[in-house]
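Please look at the sequence and the model first.

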Amino acid sequence: MNLTDIGTIKEIMSRHGFSFSKGLGQNFIINPNICPKIAEEGNAGEGFGILEIGTGIGVLTAELAKRADKVTAIEIDTRLMPVLNETLSEFDNIKIINQDIMKADLNQIIKEEFDGLRVAVCANLPYYITSPVIMKLLESRLPIESVTVMVQKEAAQRLCAEIGTRDAGAITVGVNYYGTAKQLFSVSRGNFMPSPNVDSAVIRIDVDCRYRLDEDGEKFFFRVVKSGFSQRRKTAVNAVSSQLGISKEKICTALKENGLSENARIESLNMEQLINFSESLRKIK
Ligand code: SAM
């Protein structure tokens with residue numbers, strides 16, 4: 001079954017009485033070249049179990065299942081279950097879980113579904129929850145090697161920006177803390193049905209956990225980062241002091257301990273500087 005063919009999609013949809021839900025971010029891929037590329041770049045191969053988020057009618061799911069040992073996909077829309085039963089019927093290595101990704105116990109799912117396999121995540125994400133999904137995947141410390149996802153183009157630029165540059169935000173620091181993000185290729189809006197109002201890009205986050213703080217250090221680090229980026233034009237001293245209620249003197253001391261200017265802004269610090277500053281401040285606060 002050609003799941004990127006518009007006529008086929010319309011026929012299946014009408015037979016199942018299915019209509020697109022804008023609220024669930026349902027824009028399905030109709031260019032046959034895109035899903036094989038996501039699958040290949042996304043580690044779908046021998047020895048891998050792939051966790052997919054949001055199947056639609058199964059166009060990416062099928063390409064993943066052709067390459068990986070197993071695909072387990074989480075899809076919130078119950079109306080798609082009978083559709084997927086039909087469109088993916090030729091595969092015996094796919095399991096669909098009808099659940100909200102934000103409520104799913106991903107550690108448990110991975111344990112149950114992918115015993116003995118290496119694990120990676122691939123998805124054309126629903127854009128209304130791009131950042132929460134990515135942060136849930138990373139913060140849950142899942143045993144995953146990579147997260148390869150289609151996101152809105154602007155989100156891709158932010159997620160893959162260099163820390164310390166204007167394009168970076170708190171989410172960029174969050175992603176960098178757990179892995180290394182890279183933009184793979186762009187996908188224009190005409191490659192989807194229905195066509196969204198934005199262009200997209202596929203990114204891959206290689207989960208390498210280069211930075212390891214203890215639990216308290218991690219929590220404090222993310223509070224510092226959020227405080228700095230929520231008032232990014234302010235100096236670190238002013239932003240962190242007003243948001244976290246820590247005295248300006250202590251913040252100055254922590255900056256100086258790391259050779260940083262008293263006028264530095266959080267947005268101008270690189271990853272090592274951010275982590276070292278946060279750790280110094282945590283000790284003296
Ligand atoms: N993978 C398909 C494709 O590329 O054509 C569909 C991608 S579409 C952009 C996003 C999919 O995510 C939809 O099928 C939608 O129903 C599903 N979805 C939306 N919110 C979800 C949630 N909270 N949990 C799981 N799936 C969700």
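**Aromatic rings, buried residues and cysteines**

Q: Which residues form one aromatic cluster?
A: Rings of Phe, Tyr and Trp (its six-membered ring) count as a pair if their centres lie within 6.5 Å; planes under 30 degrees apart are stacked, over 60 edge-to-face and the rest tilted. One aromatic cluster is formed by Tyr 177, Tyr 178, Tyr 211, Phe 221 and Phe 222.

Q: On what kind of model do these answers rest, and which pLDDT limits apply?
A: The model is predicted; local features need pLDDT of at least 70, side-chain atom pairs count only at pLDDT 80 or more, and totals for chains, interfaces and linings use all residues. Residues are numbered from 1 along each chain as its sequence is written, and side-chain values use heavy atoms, with hydrogens and water left out.

Q: How many aromatic pairs are found in the whole structure?
A: The search covers the whole structure.

Q: Is the aromatic pair of Phe 20 and Phe 28 stacked or edge-to-face?
A: The two ring centres of Phe 20 and Phe 28 are 5.1 Å apart. With 70° between the planes, the pair is edge-to-face.

Q: Which helices hold Tyr 177 and Phe 221?
A: The ring centres of Tyr 177 and Phe 221 lie 5.6 Å apart with the planes at 35°, so this pair is tilted. Helices here are DSSP runs (H or I, at least four residues), as are strands (E, at least two), numbered from the N terminus. The pair ties together parts that are 44 residues apart in sequence, because Tyr 177 lies in helix α8 (residues 170-178) and Phe 221 in helix α9 (residues 215-230).

Q: Is Phe 221 buried or exposed?
A: Buried means under 20% relative accessible area, exposed over 50%, and partly exposed in between (1.4 Å probe, protein chains only). The relative accessibility of Phe 221 is 0%. Phe 221 therefore counts as buried.

Q: Over which ring does the charged end of Lys 37 sit?
A: A charge sits over a ring if NZ of Lys or CZ of Arg is within 6 Å of the ring centre and within 35 degrees of the ring normal. The charged end of Lys 285 sits over the ring of Phe 220, 5.2 Å from its centre. For Lys 37, the charged end is 4.2 Å from the centre of the ring over which it sits, that of Phe 185.

Q: Why are the buried residues of α4 on the same side of the helix?
A: In helix α4 (residues 80-87), the buried residues include Leu 80, Met 81, Val 83, Leu 84 and Thr 87. They lie on the same side of α4 because they cover an arc of only 160° around the axis, the arc being that of the directions from the helix axis to the C-beta atoms.

Q: What covers the buried residues of α4?
A: The cover is made up of several elements of the chain. Among them are α1 (6-16), β3 (70-75) and β4 (94-98).

Q: How far apart are the C-alpha atoms of Ala 39 and Thr 148?
A: Ala 39 lies in helix α2 (residues 34-41) and, at 0% relative accessibility, counts as buried. Not counting residues up to four places away in sequence, Ala 39 touches Ala 44, Glu 63, Leu 64 and Arg 67. Ala 39 and Thr 148 are 109 residues apart along the chain, and their C-alpha atoms are separated by 8.5 Å.

Q: How many disulfides are counted?
A: A disulfide is a pair of cysteine sulfur atoms within 2.5 Å. The sulfur of Cys 35 is 10 Å from the closest cysteine sulfur, in Cys 122, and so too far for a bond. The sulfur of Cys 160 is 15 Å from its closest cysteine sulfur, also in Cys 122, and so too far for a bond. The count of disulfides is zero.

Conventions: Contact = heavy atoms within 4.5 Å.
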